[in-house]
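Trainee: I have just opened this one and would like to go through it with you. Please start wherever you like.

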Amino acid sequence: MKRMLGFFCAIMLLLGAFVLLPVHGESEIYDSVIRLHVLANSDSDKDQQLKLLVRDEVLHTTQLLLRDVQTRDEAAVVLRESLGEIRTVAQNTLKKQGCDDAVSVSLGQESYPTREYEQLAFPAGEYLSLRVMIGEAEGANWWCVLFPPLCLSAATTKAEAEEAFLAAGLTEEQYRIITDSNGGKYRLRFKILEVAGKIFN
């Protein structure tokens, strides 16, 4: 009975999502970006600080690696060929701080929740992701958009974000989806789809 009720609720949520807004290219968004996911060893203040230091060095390294890359596919090839280098950078960053935690680095599909940045909102779903795991990787994690090489911050202007994402292959319509130019409808739809996905799982 509970399973049937859950299934019914999921169907209603999906129907509500598509009534609110038709599908306009979410799959192309998934196929146009690469996410970065850095997981700390634990939630201790020390491990969280180490996570941020590793993040900074990984970002610096990947920005250099991807500086002449034009497409997501090219970026994936470069990153896959550079996993060892990225791991070494992360490992050396820890060693400089007197930390012997092991680091693993991988590139593959990873499930993300709906995620809002300063200027953008991305729908929940499967994204190609560079995953950096420190030690036990049981602490709070950190996400950003690795490609286009623009990890968004408060200093990122809307014009800079638009230029980077259009250059990466998103259409203007797809960019409007992630900037939510329709006053919150896209974000609402993203959350409905995310909840429905959890119910199905």
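**A strand to begin with**

Mentor: Let's take strand 6: six of its seven residues are buried, so the strand is largely enclosed by the rest of the structure. Buried means under 20% relative accessible area, exposed means over 50%, and partly exposed is in between, with a 1.4 Å probe and protein chains only. Strands (E, at least two residues) and helices (H or I, at least four) are DSSP runs numbered from the N terminus.

Trainee: What should I keep in mind about the model itself?

Mentor: The model is predicted, so local features need pLDDT of at least 70 and side-chain atom pairs count only at pLDDT 80 or more, while totals for chains, interfaces and linings use all residues. Residues are numbered from 1 along each chain as its sequence is written, and side-chain values use heavy atoms, without hydrogens and water.

Trainee: Good. How many helices and strands does the protein have?

Mentor: There are eight helices and six strands. Along the sequence they follow the pattern α-α-β-α-α-α-β-β-β-β-β-α-α-α. Of the 201 residues, 45% are buried.

Trainee: Which way do strand 1 and strand 6 run?

Mentor: They run antiparallel and are joined by six bridges. You can find histidine 37 opposite tryptophan 143 in strand 6. Strand 2 and strand 5 also pair in the antiparallel sense, over 10 bridges, and there tyrosine 112 stands opposite glycine 125 in strand 5.

Trainee: Staying with helix 4, which residues are buried?

Mentor: Arg72, Ala75, Ala76 and Leu79 are buried in helix 4. They cover an arc of only 100° around the axis, which puts them on the same side of the helix; the arc is that of the directions from the helix axis to the C-beta atoms. On the other side of helix 4, Asp73 and Glu81 are exposed.

Trainee: Okay, new topic: the core. Which residues have the most contacts inside the largest one?

Mentor: They are Ile34, Leu36, Leu107, Leu130 and Leu146, in a nonpolar core of 28 residues. Such a core is a set of buried Ala, Val, Leu, Ile, Met, Phe, Trp, Tyr and Cys residues joined through side-chain atoms within 4.5 Å. Elements that each supply at least two residues of this core include helix 3 (45-65), helix 4 (72-81) and strand 2 (103-112). A second, separate core has eight residues, among them Tyr30, Val33, Phe122 and Val145.

Trainee: What does Leucine 107 touch?

Mentor: Leaving out residues up to four places away in sequence, Leucine 107 touches Ile34, Ala76, Leu79, Arg80, Leu83, Leu128, Ser129 and Leu130.

Trainee: Last one: how many salt bridges are there in the whole structure?

Mentor: A search finds three, counting a side-chain nitrogen of Lys or Arg within 4 Å of a carboxyl oxygen of Asp or Glu. In one of them, glutamate 110 meets arginine 131 at 2.3 Å, N to O. Glutamate 110 lies in strand 2 and arginine 131 in strand 5, so the pair ties together parts 21 residues apart in sequence. Glutamate 110 is buried at 11% relative accessible area, whereas arginine 131 is partly exposed at 23%.

Trainee: And how far apart are the closest N and O atoms of aspartate 73 and arginine 72?

Mentor: They are 3.8 Å apart in that salt bridge. Aspartate 73 is exposed at 54%, while arginine 72 is buried at 15%. The side chains of arginine 55 and aspartate 56 form another salt bridge, at 2.9 Å, N to O.

How values were computed: Contact means heavy atoms within 4.5 Å. Two strands pair if DSSP finds at least two bridges between them.
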